[in-house]
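Please consult the sequence and the structure alongside the text.

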Amino acid sequence: TLFRSIADGNFAISPNLAVSIYRNPTEIPDNQVDDDGNGYVDDYHGYNFSALSNRITVTPSPPSAFSRTLHGAMCATIICGNGTREKPFEFGIAPEAKWAGVIGGLFQLEDAVEWAVLQHADTYSMSFSHPNLGEYRSHVRKIFEHGAFCGIFFVSGAGNFAQTAQVPVQMRSPEDTPAVVFAAAGVQRDLSRTVFSSQGPVQWDTDHYQDGMVQKPEVCAFNQDLPCQLPDGNVIDTQISGNSFAGPMFCGTIALMLSADPDLLPWDCREIITQTATDVGDPGYDYQTGHGLINCYAAVREVLRRKNIRLGKDASPFNTAGPKDITEHRQATQPQSKPSLTVVAVRPQSPAATQGVKAGDTVVSMNGERISNRTGYDATRQKAKGKSVTLVLQRGNKQTSYKVPPIAWGLSLGMRAGKVFE
């Protein structure tokens with residue numbers, strides 16, 4: 001069983017996530033004693049280094065709403081959740097792995113990483129981002145280099161700052177760290193780039209590091225209008241967005257790669273995951289999507305191939321692409337038919353509900369501009385600069401025009417029919 005740390009805020013745990021929570025084998029829970037002598041009392045499931053407390057879980061209020069308290073839980077659920085009875089495979093890329101919650105700010109980073117090292121963590125998924133660190137940026141990088149030398153694979157989203165920061169500072173610490181921190185940018189379900197997803201390159205010119213311009217991000221993953229599992233086990237099909245959720249997809253893939261070969265080295269992992277990614281942006285490497293969309297299946301096959309070669313076993317079953325590789329590649333690279341953005345949920349008693357908008361309505365245009373994906377939707381709203389916009393929706397053969405105010409209207413949108421990777 002693989003173990004990983006999740007660095008985030010508080011965690012609201014669903015029953016399907018609770019079964020995969022890590023248990024420190026040398027600590028007796030809730031006895032108010034530091035049984036393993038590491039300086040942290042009752043660090044049984046993880047630790048809150050900011051509050052010097054073992055409390056990492058909370059109950060969200062209201063429990064049915066997505067909030068900051070569900071952020072960490074969803075990151076963990078993507079990596080090693082156990083799905084639901086109705087959809088057992090919707091969540092959890094590596095459902096047999098274990099996770100521990102790690103809470104701490106920038107200045108508790110040394111303690112948090114060292115705790116993960118002492119617990120023999122395999123991966124460390126991060127959902128925080130810090131700009132303008134100056135020379136302290138070098139210290140942060142040394143922390144991750146230390147952790148990597150101890151065997152931890154660090155993973156982060158690329159950041160959500162494409163609309164507020166210029167290159168080469170759209171990607172910040174820790175996602176801008178070369179070699180030892182893997183970063184995933186974001187794409188939508190139609191494989192178009194997410195408008196808010198940060199891009200590279202990043203520049204390193206500190207007293208300790210003069211790498212110059214560094215290629216970042218490594219790969220991309222889905223990060224917009226993703227399903228969310230609530231603490232009661234119910235699922236909202238289209239609820240969460242952000243590169244915080246692209247990083248865990250990267251982390252879950254690494255978990256499966258390590259399950260195939262526990263002796264996999266970080267530099268080999270990086271080479272494999274970038275070489276097997278499906279190119280979805282400009283040909284070759286690009287600063288928006290990296291080497292391409294993570295192909296978990298192909299990456300694990302390549303790990304097994306290399307492992308068999310190292311052990312002197314037959315590697316021929318993994319030398320050529322299997323049918324699944326070929327099918328997924330064709331799906332990912334073929335022209336998309338009838339792209340559409342669809343209303344997947346309408347909040348009760350919201351302005352949209354009052355005006356008669358229903359789930360299943362398809363977005364046609366906004367302010368006269370044709371809209372086929374969320375990027376176009378967000379960009380057109382942004383151009384309106386806080387003014388009302390005219391939104392045309394289609395239901396069956398009928399189109400209806402709505403005046404949408406600049407405030408929240410009560411819609412959840414997602415890519416639906418005719419799209420790959422539903």
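## Aromatic pairs

The structure holds 11 aromatic pairs, where rings of Phe, Tyr and Trp (its six-membered ring) pair if their centres lie within 6.5 Å. In one of them, the ring centres of Tyr40 and Tyr47 are 4.8 Å apart and the planes stand at 50°, so the pair is tilted; planes under 30 degrees apart count as stacked, over 60 as edge-to-face and the rest as tilted. Tyr40 and Tyr47 are both buried, buried meaning under 20% relative accessible area with a 1.4 Å probe and protein chains only. Together with Phe49, Tyr40 and Tyr47 form one aromatic cluster.

The model is a predicted one, in which local features need pLDDT of at least 70 and side-chain atom pairs count only at pLDDT 80 or more, while totals for chains, interfaces and linings use all residues. Residues are numbered from 1 along each chain as its sequence is written, and side-chain values use heavy atoms, with hydrogens and water left out.

## Nonpolar cores

In soluble globular proteins, nonpolar side chains tend to be buried together. A nonpolar core is here a set of buried Ala, Val, Leu, Ile, Met, Phe, Trp, Tyr and Cys residues joined through side-chain atoms within 4.5 Å. The largest such core has 62 residues, of which Trp99, Phe250, Ile254 and Met257 touch the most other members. Helix 5 (residues 246-260) gives the largest share of this core, nine residues; helices (H or I, at least four residues) and strands (E, at least two) are DSSP runs numbered from the N terminus. A second, separate core has 28 residues, among them Ala7, Ala112, Trp115 and Tyr124.

Apart from neighbours within four places in sequence, Phe250 is in contact (heavy atoms within 4.5 Å) with Val155, Phe182, Ala183, Ala184, Glu218, Val219, Ile273 and Ile294.

In helix 3 (residues 109-118), the buried residues include Leu109, Ala112, Val113, Trp115, Ala116 and Val117. Just after helix 3, His120 takes a positive phi of about 60°.

## Pocket and cavities

On a 1 Å grid over the protein atoms alone, a cavity is a set of points where a 1.4 Å probe fits but cannot get out, and a pocket is an open set with protein on both sides within 12 Å along at least five of seven lines; lining residues have an atom within 4 Å of a point. Grid points are joined across faces, edges and corners, and a volume is the space filled by probe spheres set on the points. Two cavities of 30 Å³ or more are found in the whole structure.

| Space | Volume | Largest share of lining |
|---|---|---|
| Largest cavity | about 40 Å³ | helix 2 (residues 68-80), four residues |
| Second largest pocket | about 570 Å³ | helix 10, five residues |

The second largest pocket is lined by 21 residues, and Arg374, Gly410, Leu411, Ser412 and Leu413 are the closest to its centre. Strand 11 (235-240), strand 12 (341-346), helix 10 (374-383) and strand 17 (411-415) each supply at least two residues of this lining.

Lining the largest cavity are Ala12, Ser14, Leu70, Ala73, Met74, Thr77, Gln229, Leu230 and Pro231.

Gly72 also lies in helix 2 and is buried, with a relative accessible area of 0%. Leaving aside neighbours within four places in sequence, Gly72 is in contact with Ile6, Asp8, Asn10 and Phe11.

Key
Buried means under 20% relative accessible area, exposed over 50%, partly exposed in between (1.4 Å probe, protein chains only).
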